[in-house]
Amino acid sequence: MTAYSIVYAPLDQATRTEQVVMRLSNAIISGILQTDEQLPNENELSRLLGVSPVTVRDALNTLRARQLIETRRGRHGGSFVCQVSVEIMRKYHPLRLIASGELADFSEFHCAVIGHSARLAAQRSTPDELRKLEQLVDSFAAATQPDARIQADMRCLLTLASQAQSASLANQELEIQAEWVPLMELLYREAAVHSEVVAAWRTLLVALYKGDDFACYQLAQEMITRITDHLLECKFRMDTDALFL
């Protein structure tokens, strides 16, 4: 599972142009889609996101108006990610656009999904599966760049959800990641936050190996809650400090 599979995962049937704009805008602002990277063509985006070509076209027009993508003509033309200025990043950063109350509600939902996943994983995971999760946590601990930390943490969360052996929980976590990943880019620039989350994963692993489902439930929720506290602090700094970015 990669960050790209999250960016281009199908959207639900109720989704329209604004959701496509938000998904791609968040991926650009957070650096998942990088400067000069070419987007899939309109038909491919329509297929990947599960929306009509007209919806994709309208969304791309909005992204161009926001100076997040540009159109290049010629044989190798298409839609390419722009170099994002600090002003545009500040204006459209997902952490700035989301309300604090909405972020808290989103965190509550994430806590419920990952807490329940951890509880079931403690009951159902095999030792081999837990060793695989431990290797992913080791990779997360070794990551030094924000994008690498985000992708490693994402793999840990999705693997934990899959080890619950519940398709519903795994799908819910996949949907959550589409909004969660762009929020984390600023956070994982800070080594102290990264170290704190690594420690939380290692504590959770101990409980998983013991099969202590109640402890796993609590520890997983506490990890998401601590991350949310950091996100809220980061949002406050972004909203009040003109030099933060």
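Biologist: Where is the place of Ser117?
Modeller: Ser117 sits in helix H7. Helices here are DSSP runs of H or I with at least four residues, numbered from the N terminus. This is a predicted model, where local features need pLDDT of at least 70, side-chain atom pairs count only at pLDDT 80 or more, and totals for chains, interfaces and linings use all residues. Residues are numbered from 1 along each chain as its sequence is written, and side-chain values use heavy atoms, with hydrogens and water left out.

Biologist: Is Ser117 buried or exposed?
Modeller: Buried, because its relative accessible area is 0%. Buried means under 20% relative accessible area, exposed over 50%, and partly exposed in between, with a 1.4 Å probe and protein chains only.

Biologist: What is Ser117 in contact with?
Modeller: Leu160, Ala161, Ala164 and Leu169, leaving aside neighbours within four places in sequence. Contact means heavy atoms within 4.5 Å.

Biologist: And Arg155, buried or partly exposed?
Modeller: Arg155 counts as partly exposed because its relative accessibility is 29%. Arg155 is in helix H9. Its C-alpha lies 8.8 Å from that of Leu133, which is 22 residues away along the chain.

Biologist: Switching topic. Which residues in the largest nonpolar core touch the most other members?
Modeller: Leu160, Trp180, Trp201, Leu208, Ile227 and Leu231, out of 76 residues. Such a core is a set of buried Ala, Val, Leu, Ile, Met, Phe, Trp, Tyr and Cys residues joined through side-chain atoms within 4.5 Å.

Biologist: What does Leu208 touch?
Modeller: Ala118, Ala121, Ala122, Leu130, Leu133, Leu160 and Cys216, not counting residues up to four places away in sequence.

Biologist: How many residues has helix H12?
Modeller: H12 (residues 213-240) has 28. The helix reaches 41 Å from first C-alpha to last, close to the 40 Å expected at 1.5 Å a residue. That expected span is 1.5 Å times one less than the number of residues.

Biologist: What do the buried residues of H12 pack against?
Modeller: Helices H5 (86-92), H6 (94-97), H7 (100-124), H9, H10 (167-187) and H11 (191-210). Those buried residues include Met223, Ile227 and Leu231.

Biologist: Now the second largest pocket. Which helix gives the largest share of the lining?
Modeller: H9, with four residues. A pocket is an open set of points on a 1 Å grid over the protein atoms alone, where a 1.4 Å probe fits, with protein on both sides within 12 Å along at least five of seven lines; lining residues have an atom within 4 Å of a point.

Key:
Helices (H or I, at least four residues) and strands (E, at least two) are DSSP runs, numbered from the N terminus.
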